[in-house]
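The following note sets out several points on the structure shown below. Each point may be checked against the sequence and the coordinates.

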Amino acid sequence: MRTHAQAVVIGGGVIGCSILYHLTKLGWTDVVLLERDELTSGSTWHAAANIHGLHDSTNISRIQHYTMNLYKSLEAETGQSCGVFQPGSLYLAQTEAREHQLRLQAAKAKLYDMNFYEISRDEAERLHPLVNFDGIRCIMWEPDGGNVDPSGVTNAYASGARQNGAEIIRFCPVTATEQQPDGSWIVRTPKGDIATDWVINAAGLWGREVAAMAGVTLPLQPTEHQYFVTETIADIAALDRRLPSVSDRDGEYYLRQEGKGLLVGAYERDMRFWAEEGTPLGFGHELFADDLERIEDNMMRAIERVPAVGEAGIKRVINGPMIWSPDANVLFGPVPELSNYFCCNGIIPGFSQSGGMGLMAAQWIVEGETKYDMFAWDMARFGDWADKTFTKARVRDQYAHRFAIHFPNEERSAGRPSRARPVHDLQKEMGAVMGLNIGWEHPLWFADTPGVTDTNGFTRQNWWEPVGAECRMLREHAGIIDISNFAKYRCAGPAAEEWLNAVFANRMPQKVGRSCLTPLIGKRGGIAGDFTVTRLADDEFWIIGSGMAERYHQRFFKQVSLTGGTTFESQTTALCGFNVAGPESRALLQRLTNTSLATEDFPFMRSQRVEIAGVDCLALRVSFTGDLGWELHCAEADQLRLYTALIETGKAFGAGPVGSRALMSLRIEKGYGSWGREYSPEYYPQEVGLDRLCKMDKDFLNKSAVADTLASPAREQLVLLALDASDTDASNADATGGEPIFKDGQGIGRVTSGTYGYTVGKSLALGFVRAAIPGDRVEVMVLGKPHGATILAEPPFDPKGARLRV
């Protein structure tokens with residue numbers, strides 16, 4: 001056994017073997033995989049192993065298509081059969097909402113040249129004569145859908161990795177992982193120790209236990225999951241071809257051919273947790289006792305759709321464990337608080353994602369960043385707030401609603417509240433409908449009475465009119481927006497300016513009280529973050545960024561060493577904030593402070609420490625609404641006092657509380673981008689209008705990468721579109737993000753953010769396009785159907801920015 005390796009992968013399931021294989025494909029051949037038992041032990045061996053390409057997330061769709069296409073080439077490369085069956089998949093819509101979802105996915109498939117399209121009932125009946133298609137509104141066909149052999153795929157990855165120089169050691173449990181002072185690791189096993197640069201936790205059901213060895217707590221919880229296989233069905237035995245799988249998610253089951261029978265699986269509402277206190281170390285290829293009564297309702301819906309299921313006997317039942325994260329997505333990426341410790345845990349559709357997941361992991365480890373923006377998978381999306389209670393509640397909800405549609409703007413209540421600010425109860429009394437943001441409860445919108453909840457769908461919902469009223473109130477008078485969940489940092493010390501200049505692309509403000517906007521550049525030269533930096537003193541700075549990306553950004557901040565007694569610390573929990581914006585915001589605030597807020601005394605992009613209603617605040621004259629406004633940041637203990645004063649004083653000015661959905665509308669009316677939507681490592685500065693903030697006459701993190709990207713023409717451009725009122729009003733829907741954009745029948749881009757611009761009277765969308773200019777007519781695929789739109793030359797609200805500076 002090797003005593004040193006570039007990377008040690010812990011876990012010999014399909015994911016661990018895929019990561020090992022892809023590391024070798026990117027040139028790392030001095031790599032080792034350690035498996036405590038036999039390959040495929042745990043969850044891999046008993047998986048149903050269905051494969052499909054489409055996902056609501058575009059990048060996950062790309063990864064799943066890569067995976068589906070990889071299996072046959074992997075067979076050819078290694079000589080190991082993957083047991084690939086691709087008779088196709090039928091996707092059925094029983095409801096209008098499911099039809100909207102499937103049509104949107106078909107539009108995305110057309111944009112990205114993926115094989116997924118609508119077929120007629122006659123064609124569907126020819127493809128699968130055993131299905132009763134009564135009550136089906138829409139049928140989509142994925143010719144490449146199917147299933148694979150779990151053992152075959154896993155061993156093919158393993159074989160390919162071995163051929164490329166990797167070592168796989170079975171029956172070798174890891175007993176400890178110890179980080180060394182230089183950031184490397186010692187992995188201890190009964191067969192000897194391995195010194196390694198990287199530890200990769202792909203331990204499946206034991207992901208929690210392996211992470212704990214490194215002092216990491218992962219929000220994971222295993223459950224039981226059942227499927228059954230029928231006896232031979234004569235109609236199937238008589239066919240000379242394999243039947244396609246059936247995706248009837250409204251029926252809450254999955255179904256495909258297995259041998260000469262059918263395999264049927266379900267995610268039942270009456271679910272069961274397993275191994276709540278830890279996965280038994282001796283568990284391997286065991287199964288749980290059958291409990292088909294729990295999935296009886298799902299079975300009956302499957303029988304109604306495919307009567308042959310009810311006529312056949314049951315050959316075998318598989319009831320085995322799966323391990324889930326709180327949102328059913330993988331916990332993926334380097335642990336921000338450690339060096340060179342990579343997680344890939346909590347994978348549910350493993351055989352649809354294994355290849356892409358392995359490739360993304362290898363890219364991140366070897367090249368420093370993934371090709372695609374994978375924040376939807378990034379483990380940094382969770383923090384300590386995702387405790388055991390929260391995780392169990394969310395996993396229960398995710399399992400029981402596995403096939404439910406995740407609607408745009410949907411907020412699920414399971415596990416909440418996780419954490420709340422002092423103003424939470426008052427906001428609820430005022431009618432706030434709350435959402436979840438990095439664990440914090442925050443107001444989405446305000447209803448007339450307390451206790452109202454969201455309705456969900458692809459069309460305009462019950463919050464559409466109230467959000468419009470909030471927008472108009474702010475634009476005409478003033479609004480008070482809770483921005484406490486913004487990430488807030490303090491950097492202080494004699495080398496503070498030097499350190500910030502070494503991290504960020506823009507030059508730091510030279511004068512006290514001045515602010516600047518600055519990008520953070522990723523490894524490939526894209527936008528890893530956008531920040532506002534304010535100089536509070538000669539040796540003190542205040543930094544504001546995306547709250548949901550705070551843990552993600554730790555990885556970048558760690559890459560530049562702090563020197564000279566300089567400190568950089570998060571203030572996000574300790575401090576709260578409000579944005580008071582709108583034409584009456586100055587008059588409102590002036591009643592609460594003796595500090596002059598006149599433009600000559602407090603210009604745009606300036607800051608001061610002021611007292612508002614007797615509360616010490618850091619006031620910044622900036623506003624994400626694009627209107628006159630100030631951000632006020634105070635100690636958490638003072639938040640309720642400050643908010644109460646703002647709300648009470650605001651009444652005289654026609655002002656009131658405003659939620660985050662209105663802020664979305666207001667910022668899109670100005671064409672402002674947002675991190676995670678318009679700003680991500682996939683997009684280059686010149687593509688989002690931030691190139692002017694990259695000061696190439698100084699050194700900063702990843703400068704050489706951005707120099708290369710800036711030397712190339714933009715691949716596509718961020719634009720603002722106005723959708724035709726006749727189309728959006730007729731469909732009662734606006735773009736929300738992800739909708740493809742077509743021009744003259746050719747796909748040219750996609751929407752990143754969309755909403756209705758209430759104060760400009762237009763349905764708006766931000767998105768990226770290529771080969772298009774302002775004034776061009778295009779089509780945006782809202783609800784999967786073409787909606788006419790025009791690319792705007794300037795934002796419809798205050799294009800010159802006069803309101804910000806008045």
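Two strands are treated here as paired if DSSP finds at least two bridges between them. The model is a predicted one, and the points below should be read accordingly.

1. Overall dimensions. The protein chain has a radius of gyration of 27 Å, which agrees with the value near 28 Å that a compact globule of 806 residues would have. Along the principal axes, its C-alpha atoms fill a box of roughly 85 × 65 × 50 Å.

2. Secondary structure and contacts. The protein chain contains 22 helices and 37 strands. Of the contacts between residues at least 6 apart in sequence, 73% join residues that are at least 24 apart.

3. Burial, surface and charge. Buried residues account for 62% of the 806 residues. The accessible surface of the protein chain is about 29,100 Å², and carbon and sulfur atoms contribute 48% of that area. The chain carries 80 positive and 101 negative charges, whose mean positions lie 3 Å apart.

4. Strand 29 and its partners. Strand 29 (residues 615-620) is largely enclosed by the rest of the structure, because five of its six residues are buried. Strand 28 (residues 607-612) pairs with strand 29 in the antiparallel sense, over six bridges. Strand 30 (residues 629-635) also runs antiparallel to strand 29, and three bridges join these two.

5. Which residue of strand 29 is the bridge partner of serine 607? The partner is leucine 620. Leucine 620 also stands opposite glutamate 631 in strand 30. In the hairpin formed by strand 28 and strand 29, two residues lie between the strands, and alanine 613 takes a positive phi near 55°.

6. Strand 4. Strand 4 (residues 89-93) is mostly covered, with five of its five residues buried. Ser89, Tyr91 and Ala93 point one way from the strand, while Leu90 and Leu92 point the other way. Both sets of residues are buried.

7. Neighbours of strand 4. Does strand 4 run parallel or antiparallel to strand 6 (residues 138-142)? The pairing is antiparallel and extends over five bridges. With strand 13 (residues 245-248), strand 4 pairs in the parallel sense over three bridges. Leucine 90 stands opposite tryptophan 141 in strand 6, and opposite valine 246 in strand 13.

8. Leucine 766. This residue lies in strand 35 (residues 762-769). Leucine 766 has a relative accessible area of 2% and therefore counts as buried, the cut-off being under 20%. Leaving aside neighbours within four places in sequence, leucine 766 is in contact with residues including Arg667, Ile668, Tyr672, Glu678, Leu718, Leu720 and Val751. From the C-alpha of leucine 766 to that of glycine 479 the distance is 24 Å, with the two residues 287 apart in sequence.

9. Proline 181. Is proline 181 buried or exposed? Its relative accessibility is 89%, so proline 181 counts as exposed, the cut-off being over 50%. Proline 181 is found in the loop between strand 9 (176-179) and strand 10 (185-189). Its C-alpha atom is separated by 55 Å from that of alanine 722, a residue 541 positions away along the chain.

Conventions. Residues numbered from 1 in each chain as written. Predicted model: local features only at pLDDT ≥ 70, side-chain atom pairs only at ≥ 80, totals over all residues. Heavy atoms only, no water. Helix = DSSP H or I, 4+ residues; strand = E, 2+ residues; numbered from the N terminus. Rg over C-alpha atoms; globule rule 2.2 N^0.38 Å. Buried < 20%, exposed > 50% of the residue type's maximum accessible area, 1.4 Å probe, protein only. Contact = heavy atoms within 4.5 Å. Areas by Shrake-Rupley, 256 points an atom, 1.4 Å probe, with all protein chains shown as cover. Lys, Arg positive; Asp, Glu negative; His and termini not counted. Charge placed at Lys NZ, Arg CZ, Asp CG, Glu CD.
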